[in-house]
Amino acid sequence: MWSPQQSMAQQQRTLGMTSAITLAGPKQIDHVRTEELVETLEQYNMSVSEEELNHRMEILSKLNNLVKEWIRESSINRNMPPNVADQVGGKIYTFGSYRLGVHHKGADIDALCVAPRHVDRSDYFTTFFDKLKEQEEVTDLRAVPEAFVPVIKMNFDGIEIDMLFARLALKEIPDTMDLKDDLLLKNLDQKCVRSLNGCRVTDEILRLVPNVENFRLALRAIKLWAKKHGIYSNALGYLGGVSWAMLVARTCQLYPNAVAATLVHKFFLVFSKWKWPQPVLLKQLDDVNLGFPVWDPRVNISDRYHLMPIITPAYPQQNSTFNVSMSTRTIMEEEFQQGLAITDDIMVHGRATWDKLFEPPNFFQKYKHYIILLASAATPEDQLEWCGLVESKVRHLIGNLERNQHIKLAHVNPECFPLYESNDQVSSNQPATPSPSDPPSLDTPVQTPTQTSEKTSEKPSENPSDKTLENNPVTDTPPISGVSGSGSTPAPSTPNPSSKPGKGEGLGSMWFIGLVFAKTEHLNVDLTYDIQSFTETVHRQAHQIKMMKDGMKIEARYVKRKQLQSYVPPNLLKRERKTSTSNSNPPQTPRNGTTTPKMSPTGDSNRSSNANNGASNKKRISENACDGYYKKAKIGDESSGQGDESPNQSIVPGGEDSNSTSFSLDESSNPSVSIGEAHKNTDSAGSQLVGASNSAALTKEVCHVIAVTTERLCLNQCV
């Protein structure tokens, strides 16, 4: 006869696609690290006060009453008796971070309006939209009925709200209705199913984790880390909130009795070893057969080429990471590895604090080449809509750049920056001769190529880009020193307020894309088609949804790292440099009181990577449940190569076509190539470990390596 403890252990063991890696409970040091994590998160305002919680509940209550009033009015307008209209109901559901319980101060609320069958979506975007306009608390109201998931966005009494709509095939919507039943989706259209999926997925995630409180705290930490490291954005090809939630939930399933600090550490361990594109699943796929498309590589050929599939647990199952590209996956894989090295220092060695995990990387010092996207409009209202549309299409530009054989990596920073003008630009109000610091535009014609010698590097091909229907050349900017020619659009010789969007012409927003070029002999990169294809896609979509207005513009400019001072405030650049410098300092004295060898971060990461490599050399066993239906797409590995360009690379004249943009990489000066820095001292960790003067520390380090290797062998069998 099994005891209650054994029954609970059996339940935890079978939670998820595979059995847990370990059922071990937390140690005292794990509780200490968890308390430290809580204190660190509070410094970043990750918790919400009781006052704000009550404020959000009041807002949702007001919205719920508005929905009931609107449905009642719509019912009466359809000749329904008032006494019957009083009973049809209607309800507001929440999902996303608010429903998961991981929202922070100032975060938005994802909501869903559920209506009975006689209320149409057209009513939602007309009469209900008008009703919202009448509310004094509502500002920044805008509707996006043509979106993949139609939504009304608003600011309700200081809280941003994204509100979806779905109607069920029911006469009434009672307040006690649960959306878990799959049969509720019967006879619904695709847009209603997508809208309902948000709530259904969120509720299912909470049902599939063994300890909700530990899950929430770990998820708060991972979301903060992802945002600080610039990999939190579903629209730009990274992971969105629901994807991060599912990864943390999978970690909770593998370590059901672990506390939050341990879960954060194991999160990086699991997904730094994950064999993408093997899918992440929280449960077996449901076989409901209501006719809706589901993620299934056995049936859908396109599903076999998803690069980082994370499958939602509610029917119809979908890949929540459809937008991930080779570049964004490469960037996230690097961040997983770095996160593992840092959390090893925090949890195992005691050489670091949680603050180190949340230090933002030095994006503006990471690359030597950048593309700047500038989106501008004439009014704040137009800028809000235009900025949202451009941002939703940036991933298409990343795809275009990835398909260019000369580009190894295109790293888009998800942060949208307001337009910035340096003092030199503001003071320059009249045409002048070009200066070496003036950044060129991507459509600046160039005339004669300069050839350089670099090693050849190949890149796997990508899917073809979207076909373009109209021509919208990119606005050019002045050429840099040594480049002659004029663009398709006249421009002043030197940037000035009138040539910048947002200064006299409206408002502006910027996105930065870091580029890594492949080392190729006689390199001459032409990005004309890549940029024009992107701008045409944006303008075509704007015309289709009737958003295009006078003053809406897109510009794309190529700059070198040293020219970023014209676009980024000096304090931001200094902050980035300071972060980079602080990361290079030796680790501090261990907080656990032991004496450990003094090691550089490079050595730390290499030791961690050596341990990883030792485990990864073993044959990995896939999840048996996945093998039957998942056929792994053959996708070549791609390294990031973040520092393989010469600091003296520049645009030089090349070609006579006035519509072409060519970049040639000049290495006439001595280049400082930084590629492979992380692999130069692969044996330094071992040599420093052997040379440690403290035998107790040495014994602890060796035991740690053995324990980690054993756990990772077990991990390979589960993932």
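**View 1. Aspartate 108 lies in the loop between α5 (96–100) and β2 (109–115).** Helices (H or I, at least four residues) and strands (E, at least two) are DSSP runs, numbered from the N terminus. This is a predicted model, in which local features need pLDDT of at least 70 and side-chain atom pairs count only at pLDDT 80 or more, while totals for chains, interfaces and linings use all residues. Residues are numbered from 1 along each chain as its sequence is written, and side-chain values use heavy atoms, with hydrogens and water left out. Aspartate 108 is partly exposed, its relative accessible area being 28%; buried means under 20%, exposed over 50%, and partly exposed in between (1.4 Å probe, protein chains only). Apart from neighbours within four places in sequence, aspartate 108 is in contact (heavy atoms within 4.5 Å) with Arg56, Ser97, Glu160 and Asp162.

**View 2. Aspartate 110 is part of strand β2.** With a relative accessible area of 18%, aspartate 110 is buried. When residues up to four places away in sequence are not counted, aspartate 110 touches Tyr93, Thr94, Phe95, Gly96 and Asp162.

**View 3. Asp108 and Asp110 are listed by UniProt, in an unreviewed entry, under "binding site".** The UniProt positions follow the numbering used here, feature names are shortened, and annotations may be inferred rather than shown by experiment. Asp162 is among the contacts of aspartate 108, and aspartate 110 also touches Asp162.

View 4. Of its 719 residues, 52% are buried. Among contacts with a separation of 6 or more, 80% are between residues 24 or more positions apart.
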